[in-house]
Amino acid sequence: MDAAEFRRRGKEMVDFVADYLENIEHRRVYPDVEPGYLRSMIPSEAPLEPESYEDVLKDVDRVIMPGITHWQSPHFHAYFPSASSYPALLADMLCGGLGCIGFTWAASPACTELETVMLDWLGKMLQLPEDFLAGTKGQGGGVIQGTASEATLMALLAARCKAVKCVHESDPQRSEADIISKLIAYTSEEAHSSVERAGLIGGVGIRMVATDEHFSVRAETLEKMVAEDKAAGFIPFFFCATLGTTPSCAFDKITELGPLCNAENIWMHIDAAYAGSSFICPEFRPLLDGVEFADSFNFNPHKWLLVNFDCSAMWVKKRTDLIGAFKLDPVYLKYDNQESGLVTDYRHWGIPLGRRFRSLKLWFVFRMYGQSGLQAYIRKHVELAKVFETMVKKDKRFEICAEVVLGLVCFRLKGSDELNEALLKEMTHLGRIHLVPCKLRGRFVLRFAVCGRTTELRHVQEAWTHITELSSELLLKHHS
Ligand code: PLP
């Protein structure tokens with residue numbers, strides 16, 4: 001393919017994507033394929049000779065599209081949203097075209113510098129304390145990680161490094177291995193599994209903290225666990241708070257947990273993967289109160305801020321905690337201005353060396369929506385969730401299972417888990433709307449998340465009609 005053909009095919013691809021997104025609601029949201037469906041549809045080896053672009057595209061339709069779960073469909077209500085917008089798609093196209101890899105400032109100065117400034121812009125939109133911003137003189141700063149899971153892992157590893165150093169200073173005889181074997185991290189029993197996984201990867205013990213009746217971790221509970229662990233010779237060093245838990249969008253009480261962590265020299269990381277985007281709205285910003293006590297904070301613009309995957313924003317108060325933990329300087333990565341104090345080398349801030357020019361997506365989206373456009377988008381989703389909640393509450397056969405704060409509604413048919421499982425199974429089988437379940441206090445609960453950029457009131461109403469019709473049939477069967 002030469003440049004002339006690329007121009008032609010590129011324009012066709014833009015049309016293909018625009019057509020797909022414009023007509024997405026007419027597709028079955030959840031694919032009707034069985035595991036292993038794809039292998040038999042394509043050859044068992046890569047072609048020896050080149051094939052035509054037409055043939056490749058034909059196979060996109062034949063092989064790929066039947067196996068797509070349509071995350072951007074207005075009928076998609078599973079998990080949490082995966083953001084998408086036209087400005088972000090265009091920025092991603094530019095990113096691919098530039099093809100630069102910004103691991104050091106010199107490897108692509110614009111890639112590095114735009115990232116630092118965009119994270120400052122975004123930090124200001126959230127009214128993060130000044131400490132988290134890089135500015136021109138600050139000690140903090142932001143970085144784009146691929147996912148919230150990586151951000152949590154990086155925070156845990158930086159905290160581990162800091163704790164080891166700290167204990168070693170007061171007890172130089174103690175080996176690093178011995179110290180690490182005594183380190184204990186904490187997170188909510190409602191936290192995302194990525195936090196437990198960070199503990200496994202980081203090779204430290206992790207304990208789950210019980211939550212109160214609102215599914216929130218309270219300081220009193222954590223305080224007791226920390227005291228117990230210290231008395232048993234362990235070293236509490238890390239707490240991952242969640243703002244907007246995956247099952248029910250619950251909020252840990254960071255205004256009381258923060259001071260405890262600070263007093264106990266425990267690194268507090270905040271995972272606000274989904275809910276974080278809402279903090280750009282003044283009315284939701286109080287949910288972030290207490291962030292001033294945190295050492296690091298993370299949320300995913302790729303969930304709810306119209307920036308396509310992947311773009312997970314992470315800030316630290318003291319960037320040297322993160323950078324200092326994993327710094328290596330091979331000669332092939334050195335360059336002239338490295339020690340000027342004016343440059344950032346993002347390779348020190350995360351696991352990979354290579355990194356894409358992801359801040360372009362933020363820049364395009366911020367400028368083309370404006371803060372007001374982004375706020376309006378968040379508010380619309382929250383309002384739609386409230387509409388859904390009201391409809392559930394009006395139907396006495398159902399119950400709401402957790403407070404609806406943002407765009408997620410947890411609900412269930414009053415009755416057995418089996419009944420609710422059967423309802424979800426039928427919904428998934430029909431593929432008209434897509435939801436996933438969660439467990440709350442051991443009970444099987446359905447999660448209705450407002451996800452799509454194009455989800456309107458009518459989609460929410462249609463979804464509810466579909467759910468109630470299926471429920472009526474099911475209850476009839478159940479009672480007959
Ligand atoms: N944390 C929370 C609270 C989440 O809800 C999720 C995903 O939904 C994650 C972490 C994982 O996000 P990621 O895929 O960016 O690692």
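Aspartate 310 is placed in the loop between H10 and strand E7 (312-316), where helices (H or I, at least four residues) and strands (E, at least two) are DSSP runs numbered from the N terminus. The peptide bond that leads from phenylalanine 309 to aspartate 310 is cis, its omega being near 5°. The model is a predicted one, in which local features need pLDDT of at least 70 and side-chain atom pairs count only at pLDDT 80 or more, whereas totals for chains, interfaces and linings use all residues. Residues are numbered from 1 along each chain as its sequence is written, and side-chain values use heavy atoms, with hydrogens and water left out. Most residues other than glycine have a negative phi, and most peptide bonds are trans.

The ligand is surrounded by 14 residues, of which the closest are Ala148, Ser149, Thr246, Asp271 and Asn300; a residue is counted here if one of its heavy atoms lies within 4 Å of the ligand. By class, this shell comprises 3 nonpolar, 9 polar and 2 charged residues, with Ala, Val, Leu, Ile, Met, Phe, Trp, Tyr, Cys and Pro taken as nonpolar, Asp, Glu, Lys and Arg as charged, and the others, Gly among them, as polar. Among the polar contacts (pairs of N or O atoms within 3.5 Å), a polar side-chain atom of aspartate 271 lies 2.6 Å from a nitrogen atom of the ligand, while ligand oxygen atoms are 2.8 Å from an N or O atom in the side chain of threonine 246 and 3.3 Å from one in the side chain of lysine 303.

Lysine 303 is located in helix H10, and the UniProt annotation "modified residue: N6-(pyridoxal phosphate)lysine", from an unreviewed entry, covers Lys303. Apart from its neighbours within four places in sequence, lysine 303 is in contact (heavy atoms within 4.5 Å) with Phe80, Pro81, Ser82, Ala83, Ala273 and Tyr274.

The count of salt bridges, each a side-chain nitrogen of Lys or Arg within 4 Å of a carboxyl oxygen of Asp or Glu, comes to 29. One of them joins the side chains of aspartate 92 and arginine 356 at 3.1 Å, N to O. This pair links distant parts of the chain, 264 residues apart, with aspartate 92 in helix H3 (residues 86-98) and arginine 356 in the loop between helix H11 (319-323) and helix H12 (359-394).

Conventions. Polar contact = N/O pair within 3.5 Å; in protein donor to acceptor, adjacent residues only side chain to side chain. UniProt positions renumbered as here; feature names shortened; annotations may be inferred.
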